[in-house]
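Morning, everyone. I have one structure to walk you through today. Please take a look at the screen.

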Amino acid sequence: FALNISLSAYYTTNNKHIVLAENEASIAAMQPDFAMLRRSKTFGYVITAPGDHVDFVSRTLVPHVQQLEDHATGSSHAALVPFWAERLQKNVLQANQLSPRGGHFQCEIEGKTVTLSGQYKLIAEGKIY
């Protein structure tokens, strides 16, 4: 498969498909083949696994856009929080996105509402005319 890691499960969604990997180390070391991923009509992939020091980790790949990998993805975590909350039987979770820049999320689910929080760092500023 184009992710070049062992996979445990694959779930389709209306947005990015969820790919369950074996562990955090495999996701951190993953070197996806974006050319192969672009051959699929799937918009994006959220690769996830249990975390070593947080509840879960992930990476979000979007092969059909210029960025290819999103650094800290709220929409992915909106899908991952219910996914992991059910498996871990927890409503409050901690998550790390293992992108090159990285991201950390405090996550909570109450009913169908997912709340994400974290910190940010301003990396660019501009004006739209």
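In which loop does Pro 100 lie? Pro 100 sits between strand 6, residues 92-97, and strand 7, residues 103-110. Keep in mind that this is a predicted model.

Let me stay with Pro 100 for a moment. Is Pro 100 buried or exposed? Pro 100 has a relative accessible area of 70%. The cut-off for exposed is over 50%, so Pro 100 counts as exposed. Pro 100 still has partners from elsewhere in the chain. Setting aside neighbours within four places in sequence, Pro 100 is in contact with Glu 69 and His 71. And how does Pro 100 relate to Ala 2? The two are 98 residues apart in sequence. In space, C-alpha to C-alpha, they are 19 Å apart.

Now the whole protein. Three helices and eight strands make up the list of elements. Starting at the N terminus, the order is β-β-α-α-β-β-β-α-β-β-β.

What about overall dimensions? The C-alpha trace spans about 45 × 35 × 25 Å along its principal axes. The radius of gyration is 15 Å. A compact globule of 129 residues would come out near 14 Å, so the two values agree. Of those 129 residues, 41% count as buried.

Next, contacts along the chain. Take the contacts between residues at least 6 apart in sequence. Of these, 58% join residues at least 24 apart.

The protein exposes about 7900 Å². Carbon and sulfur atoms supply 50% of that area. As for charge, there are 11 positive and 11 negative charges. Their mean positions are 9 Å apart.

Now look at Thr 60. This residue belongs to strand 4, residues 56-62. Why does Thr 60 count as buried? Its relative accessibility is 0%, and buried means under 20%. Another, of 3.5 Å, runs to the side chain of Thr 73. Beyond four places in sequence, Thr 60 also touches other residues, including Lys 16, Tyr 45, Val 46 and Gln 97. Leu 68, Glu 69 and Asp 70 are among them too.

That takes us to Leu 68. Leu 68 is in strand 5, residues 68-70. Its phi is near 70°, a positive value in a residue other than glycine. Leu 68 is partly exposed, at 25% relative accessibility.

Gln 89 has a positive phi as well, near 55°, and again this is a residue other than glycine. Where is Gln 89? In the loop between helix 3, residues 74-88, and strand 6. Gln 89 counts as exposed, at 66% relative accessibility.

Last stop: Lys 41. Look for Lys 41 in the loop between helix 2, residues 34-38, and strand 3, residues 44-50. Lys 41 is exposed, with a relative accessible area of 85%. How far is Lys 41 from His 64? They are 23 residues apart in sequence, and 8.6 Å apart in space, C-alpha to C-alpha.

To recap two of the stops: Thr 60 is buried, and Pro 100 is exposed. I'll take questions now.

Definitions and conventions: Residues are numbered from 1 along each chain as its sequence is written. This is a predicted model: local features need pLDDT of at least 70, side-chain atom pairs count only at pLDDT 80 or more; totals for chains, interfaces and linings use all residues. Side-chain values use heavy atoms; hydrogens and water are left out. Helices (H or I, at least four residues) and strands (E, at least two) are DSSP runs, numbered from the N terminus. The radius of gyration is taken over C-alpha atoms; the globule rule is 2.2 Å times the number of residues to the power 0.38. Buried means under 20% relative accessible area, exposed over 50%, partly exposed in between (1.4 Å probe, protein chains only). Contact means heavy atoms within 4.5 Å. Accessible areas come from the Shrake-Rupley method with a 1.4 Å probe; for residues, only the protein chains shown count as cover. Lys and Arg count as positive and Asp and Glu as negative; His and the chain ends are not counted. The place of a charge is taken as NZ of Lys, CZ of Arg, CG of Asp or CD of Glu. A polar contact is a pair of N or O atoms within 3.5 Å; within protein, one must be able to donate a hydrogen and the other to accept it, and residues adjacent in sequence count only if both atoms are side-chain atoms.
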